[in-house]
Amino acid sequence: MPSYELALVLRQLPRPELISVIKRTAESILDKGGIIRKLENLGTRALPYKVSEHGVVHREGTHFTIAFDTAPTRIADLKEEFGRDIDIVRRYIFKVEEPEKEPCTLHEEMLPPAYRKDVLEIIEAAQKKQKKKYNYNSGLDYYPFQK
């Protein structure tokens, strides 16, 4: 199953109600066959601009991120369900891409620049792009294009 991250902005709520909203959100992910990997509270802060959601204007919000795994077919159902929840001001679901594994090239990086493989490739590419110069041994005893 692919990994996703849910970024939530919840309306300003007292702590017990905030806990119930997070439980409800987590249970909906689990009901859809997801696995929650991480839940992180980013705190309450002012929103960068007024946000109108469900007929109410919000100026502050509590931010949460939830890392979870689920089937890609369930994402649309989760978005719809979170969109109906009146306590959720904003919700974004991002697919988490696995970073590419880069091999360690410390021994190559420690070489002088003239011996590095990537520098040699750059030099070869530059030599291929150079324009051809006039061949003075062409049989003509003058340069026909006036210097």
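Modeller: Let's start with the largest pocket, which has a lining of 14 residues, with Val9, Leu47, His63, Arg90 and Tyr92 nearest its centre. This is a predicted model, where local features need pLDDT of at least 70 and side-chain atom pairs count only at pLDDT 80 or more, while totals for chains, interfaces and linings use all residues. Residues are numbered from 1 along each chain as its sequence is written, and side-chain values use heavy atoms, leaving out hydrogens and water.

Colleague: What makes a space a pocket, and what makes a residue part of the lining?

Modeller: On a 1 Å grid over the protein atoms alone, a pocket is an open set of points with protein on both sides within 12 Å along at least five of seven lines, and a lining residue has an atom within 4 Å of a point. The largest pocket holds about 190 Å³ of space. Strands E1 (3–10), E2 (35–53), E3 (56–69) and E4 (88–95) each give two or more residues to its lining. The largest share, five residues, comes from E2.

Colleague: How do you know which runs to call strands?

Modeller: They are DSSP runs of E with at least two residues, whereas helices are runs of H or I with at least four, and both are numbered from the N terminus. The protein has four helices and four strands, in the order β-α-β-β-α-β-α-α along the sequence.

Colleague: Why is the pair Tyr92 and Phe94 called stacked?

Modeller: A search of the whole structure finds two aromatic pairs. In the pair Tyr92 and Phe94, the ring centres are 6.3 Å apart and the planes are at 25°, so the pair is stacked (rings of Phe, Tyr and Trp, with its six-membered ring, pair if their centres lie within 6.5 Å; planes under 30 degrees apart are stacked, over 60 edge-to-face, the rest tilted).

Colleague: Is Thr62 buried or exposed, and how do you know?

Modeller: Thr62 has 2% relative accessibility, so Thr62 counts as buried (buried means under 20% relative accessible area, exposed over 50%, partly exposed in between, with a 1.4 Å probe and protein chains only). Tyr92, at 41%, is therefore partly exposed, and Phe94, at 46%, is partly exposed too.

Colleague: What does the side chain of Thr62 make a polar contact with?

Modeller: Thr62, found in strand E3, makes a side-chain polar contact with the side chain of Thr44 at 3.0 Å (a pair of N or O atoms within 3.5 Å; within protein, one must be able to donate a hydrogen and the other to accept it, and residues adjacent in sequence count only if both atoms are side-chain atoms).

Note on methods:
On a 1 Å grid over the protein atoms alone, a cavity is a set of points where a 1.4 Å probe fits but cannot get out, and a pocket is an open set with protein on both sides within 12 Å along at least five of seven lines; lining residues have an atom within 4 Å of a point. Grid points are joined across faces, edges and corners, and a volume is the space filled by probe spheres set on the points.
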